[in-house]
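Please take a moment to look over the sequence and the 3D view before reading on. The paragraphs that follow walk through the structure one part after another.

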Amino acid sequence: MKGGNDGDDLDGVAGYMQQAKQEALQNVEHVAEGVAAETLSEGNLFEIAQSIGDKRLKDLNVADTTCGYCAVGCRFDLYSDGEEILAARPTEEEDAPVNGISTCVKGKFGYDFINSDDRLTAPLVRDETGEFREATWDEALTRVAEGLGQIKEQHGGEALSVIASSKATNEENYLMGKFARQVLGTNSIDNCNRLCHSSTVAGLAKTYGYGAASISTDDFELADCILLTGSNTTEAHPVLATRIKQNVRDGADLLVFDPREIQIAEYATQYSQINPGYDAVWINAITRHILNNDLHDEEFVEERTTGFEEIKESVQEFTPDVVEDVTGIPHAEIVSAAETIAEADRCVFGWTLGLTEHSHGTENVMAMANLAAVTGNLGKPGAGVSPFRGQNNVQGGGGDMGPLPDNFPGYQDIADDEIRAKFEDAWDCEISPEYGYYTTQMFLAADEDDIRGMYIIGENSALSEPGVNHAEAVLEDLEFLVVQDLFVNETAQYADVVLPACSFVEKTGTFTNTDRTVQMVKQVMEPKGGSRPDWKILQDLANRMGREWDYSSTAEIMREVKSLTPIYGGISQERVDREGGVQWPCWDDDHPGTVRLYEDEFNTDDGKAHLQAVGYSEPAELPDEEYPFTLTTGRVLYQYHTGTMTHREEGIMQYTPSDFIEIHPETAVNHGIESGDLVRVTSRRGEVVVPAQVTDRVGPKNVFIPIHFAESAVNRLTDEEHLDPTAATPEFKVSAVRVTPYEGGAESVSTADVATGGDD
Ligand SMILES: Nc1nc2c(c(=O)[nH]1)N[C@H]1C(S)=C(S)[C@@H](COP(=O)(O)OP(=O)(O)OC[C@H]3O[C@@H](n4cnc5c(=O)[nH]c(N)nc54)[C@H](O)[C@@H]3O)O[C@H]1N2
Ligand SMILES: Nc1nc2c(c(=O)[nH]1)N[C@H]1C(S)=C(S)[C@@H](COP(=O)(O)OP(=O)(O)OC[C@H]3O[C@@H](n4cnc5c(=O)[nH]c(N)nc54)[C@H](O)[C@@H]3O)O[C@H]1N2
Ligand code: SF4
Ligand SMILES: [Mo]
């Protein structure tokens with residue numbers, strides 16, 4: 001933390017906040033058009049500006065830091081008077097490689113959660129009556145050490161699992177992995193990437209070698225053509241959307257494939273409305289048209305890929321009739337997309353969860369990776385693949401740092417004897433070569449008593465897992481559950497001990513964003529009450545469980561990461577701070593970092609891209625007479641996930657205070673439903689009651705519900721059992737449901753109504 005020092009800047013910050021208000025109210029550049037005006041009450045913004053105006057800047061702390069919401073990785077200065085965050089103001093453009101001078105509403109205004117009345121400020125333990133009571137750190141940590149220790153003693157460390165937090169820093173996630181393997185003796189450690197982009201990581205790693213974006217954010221502005229699918233970019237990655245729209249305004253082509261006519265579709269050269277769950281089909285069809293008409297990049301294919309003949313054969317089944325029938329896309333749209341991509345010199349392929357959250361997500365991603373490779377769109381400016389990552393630090397904390405059942409930091413395979421020996425030596429412990437459970441599998445393994453205790457850090461599994469009626473039963477039945485979070489979230493309600501952690505404004509470390517840039521996160525406020533940064537909690541716990549950890553700062557932890565992780569071999573906090581950001585792979589102190597992957601070779605044994613034949617796939621659960629609609633789920637701009645942070649933001653809650661279901665006008669008429677009416681939505685696994693929003697944004701056979709509301713938790717409807725066979729990602733984007741008008745009226749929606757299982 002440092003104090004502010006420049007008298008003139010005082011006006012600057014106050015002035016900035018006034019201007020921000022104008023922007024939020026009028027200039028709706030990167031917020032969904034037409035709704036920005038309602039986002040924040042004028043009073044709220046005025047108060048912020050006023051409160052800065054009333055203070056002397058030298059009394060304020062200011063730190064240049066990285067946003068803790070999404071993985072775009074916007075940078076800004078945060079101003080605090082020690083009590084609260086007063087303003088977020090973009091840093092100098094050159095210090096903010098991704099966002100330049102813009103940020104979205106969450107990064108700019110989403111800080112009320114930090115001081116929220118229900119923020120955890122002391123550990124909680126269950127008393128004899130089963131209720132929580134506050135405890136000292138000493139008592140709470142002793143209870144945790146005993147609870148986890150007992151299970152380890154009786155059933156072995158493998159009976160324990162850890163869910164690590166992609167909200168937390170790289171350094172903390174590194175320690176979570178080390179803690180699981182060294183202290184608990186389990187490889188069952190995973191994180192939210194499993195619910196999100198693990199199929200991207202698997203599919204890209206198999207084809208190209210690295211499970212990450214090949215490009216930098218700047219490449220969006222260098223491309224002649226951008227294909228976007230399964231990404232509600234303006235709402236989920238607003239600042240990336242701004243940069244894409246900028247390039248489209250300058251003449252680039254934009255192709256959007258999505259079941260919902262999302263806002264970015266308005267800017268598209270071509271928008272194709274697709275049936276959810278058949279992405280490999282239309283992607284293969286585009287590849288087929290390109291190959292059968294010799295529109296591919298022959299030289300690139302010849303020199304830099306293997307498997308071309310196999311994929312040429314495998315795409316032949318995707319004939320125009322088949323494609324139109326299952327995906328709903330007319331052949332002419334396949335042809336025009338194929339030709340636009342083939343004609344472009346530089347094309348970026350961008351995607352998010354619409355492609356990955358399926359029982360065949362890895363195949364979808366491999367089909368996309370094939371398309372990028374056959375058109376030679378890799379390893380050059382303005383061309384490549386970009387899965388937009390989700391949580392602020394899921395790339396680094398959720399992947400690179402190795403809190404994973406199968407990998408050590410830097411994607412080093414735990415089954416490799418030499419690599420395992422390196423970590424056994426560094427960590428002074430024995431590590432099993434057997435992979436642990438993925439998150440989704442942990443919940444299934446608990447049914448068989450293969451998992452008996454869990455340590456859940458910064459993840460709200462009781463809402464975010466698929467099939468939460470099942471997840472809740474598992475959490476309830478665990479022999480021991482520790483939750484480490486900012487709040488008593490829905491998951492913590494099942495815990496034996498809750499440990500109060502602190503947020504990204506209260507600690508120092510690094511995050512790695514969606515384009516592999518490692519950036520500094522800096523403390524601007526003291527930890528709230530008795531809360532502690534995750535790394536300090538882990539250190540205390542490790543030491544109570546027989547180890548001697550002695551880190552005095554997160555910079556020291558990063559030095560250990562650097563020594564064990566080749567792709568972070570040149571990355572230290574000092575360097576990241578000095579240079580503003582460093583992109584991995586960065587092999588040593590003299591290496592400049594990597595702006596773009598695969599310029600010369602792929603990260604495979606022979607240096608070539610290994611194209612993977614991908615056949616027909618369909619969702620695990622198809623609509624039928626009983627459950628005739630396809631439900632898809634996702635996000636809205638102003639809310640973040642399970643709401644732990646954004647529901648505490650008054651301005652944001654004014655805009656999206658409650659849940660809704662998007663229903664096509666035809667469906668609405670057929671069922672006698674009008675906008676605002678309550679609707680009962682039933683799947684084979686459960687039901688929820690939500691108000692209808694009648695709109696032709698969705699197709700007539702589909703409905704959409706956001707994921708942000710506990711009271712009508714959409715994951716009561718989704719399926720925990722049908723997982724991607726490679727990546728174990730759930731099929732969040734497709735469930736078969738029935739919709740019926742809810743007869744009871746709003747006041748009669750009881751908790752029991754919305755919270756119990758369905759009629760299966
Ligand atoms: N405001 C906000 N921003 C966020 C988040 C948040 O909670 N709130 N969360 C962050 C995280 S962790 C993540 S992972 C990202 C997610 O970012 P996105 O993936 O963009 O978000 P979603 O809304 O889940 O879904 C994306 C799109 O997939 C489409 N879709 C649904 N089914 C299919 C299908 O079968 N095929 C295709 N091709 N498309 C389909 C939906 O219509 C939607 O437009 O957002 C990040 N940013
Ligand atoms: N149906 C459906 N379900 C989905 C999805 C979908 O599209 N559809 N998307 C999936 C995806 S992509 C994701 S990423 C998940 C998200 O699901 P979760 O990761 O479970 O969601 P969050 O609400 O972000 O939970 C993060 C928790 O971390 C806490 N926290 C914040 N900062 C810190 C910190 O520094 N330390 C600690 N210890 N805690 C902290 C917050 O208070 C919060 O409780 O949801 C998944 N679930
Ligand atoms: S786009 Fe993402 S990183 Fe940027 S300010 Fe918004 S939430 Fe934060
Ligand atoms: Mo995510």
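The shell of residues around ligand 1 takes at least three of its members from domain 3 (198-387), and at least three from domain 4 (629-748) as well. This is a predicted model, so every value given here should be read as computed from that prediction. In total, 35 residues surround ligand 1, and the closest of them are A236, D258, D279, R635 and Q639. If you sort the residues of this shell by class, you will find 12 nonpolar, 16 polar and seven charged.

Which polar atoms of the protein lie close enough to ligand 1 to be listed as contacts? At L353, a backbone N or O atom lies 2.9 Å from an oxygen atom of ligand 1. T632 contributes through its side chain, where an N or O atom is 3.1 Å from a nitrogen atom of ligand 1, while V636 contributes through a polar backbone atom that is 3.0 Å from a nitrogen atom of ligand 1. Taken alone, ligand 1 would expose 910 Å², and the protein buries 99% of that area.

We can now turn to ligand 2, which has 31 residues around it, and of these N460, S464, D485, T642 and N715 come nearest. The shell around ligand 2 draws at least three residues from domain 2 (124-192 + 393-505 + 525-552), and at least three from domain 4 (629-748). By class, the shell of ligand 2 is made up of 12 nonpolar, 11 polar and eight charged residues.

Among the contacts of ligand 2, a polar side-chain atom of E459 lies 2.7 Å from an oxygen atom of the ligand, and a polar side-chain atom of D485 also lies 2.7 Å from an oxygen atom of ligand 2. Q484 takes part with its backbone, for a polar backbone atom of this residue is 3.1 Å from a nitrogen atom of ligand 2. On its own, ligand 2 has 920 Å² of accessible area, of which the protein covers 99%.

F408 belongs to strand β15 (residues 407-408) and W427 to helix α18 (residues 417-427), so the pair ties together parts that are 19 residues apart in sequence. Are these two residues buried or exposed? F408 is buried because its relative accessible area is 0%, and W427 is buried as well, with a relative accessible area of 2%.

A second pair is formed by F504 and F511, whose ring centres are 6.4 Å apart and whose planes meet at 45°, so this pair counts as tilted. Both F504 and F511 are buried. Elsewhere, Y208, Y210, F300, Y411, W584, Y598 and F602 form one aromatic cluster.

Finally, consider E662, which is found in strand β25 (residues 661-663). E662 is buried because its relative accessible area, at 2%, falls under the 20% cut-off. The side chain of E662 is joined to the side chain of R260 by a polar contact of 3.2 Å.

Notes:
Residues are numbered from 1 along each chain as its sequence is written. Chains are lettered from A and ligands numbered from 1 in the order in which they are written. This is a predicted model: local features need pLDDT of at least 70, side-chain atom pairs count only at pLDDT 80 or more; totals for chains, interfaces and linings use all residues. Side-chain values use heavy atoms; hydrogens and water are left out. A residue is near a molecule or strand if one of its heavy atoms lies within 4 Å of it. A polar contact is a pair of N or O atoms within 3.5 Å; within protein, one must be able to donate a hydrogen and the other to accept it, and residues adjacent in sequence count only if both atoms are side-chain atoms. Accessible areas come from the Shrake-Rupley method with a 1.4 Å probe; for residues, only the protein chains shown count as cover. Ala, Val, Leu, Ile, Met, Phe, Trp, Tyr, Cys and Pro count as nonpolar, Asp, Glu, Lys and Arg as charged, and the others, Gly among them, as polar. Domain bounds come from an automatic or database domain assignment. Helices (H or I, at least four residues) and strands (E, at least two) are DSSP runs, numbered from the N terminus. Buried means under 20% relative accessible area, exposed over 50%, partly exposed in between (1.4 Å probe, protein chains only). Rings of Phe, Tyr and Trp (its six-membered ring) pair if their centres lie within 6.5 Å; planes under 30 degrees apart count as stacked, over 60 as edge-to-face and the rest as tilted.
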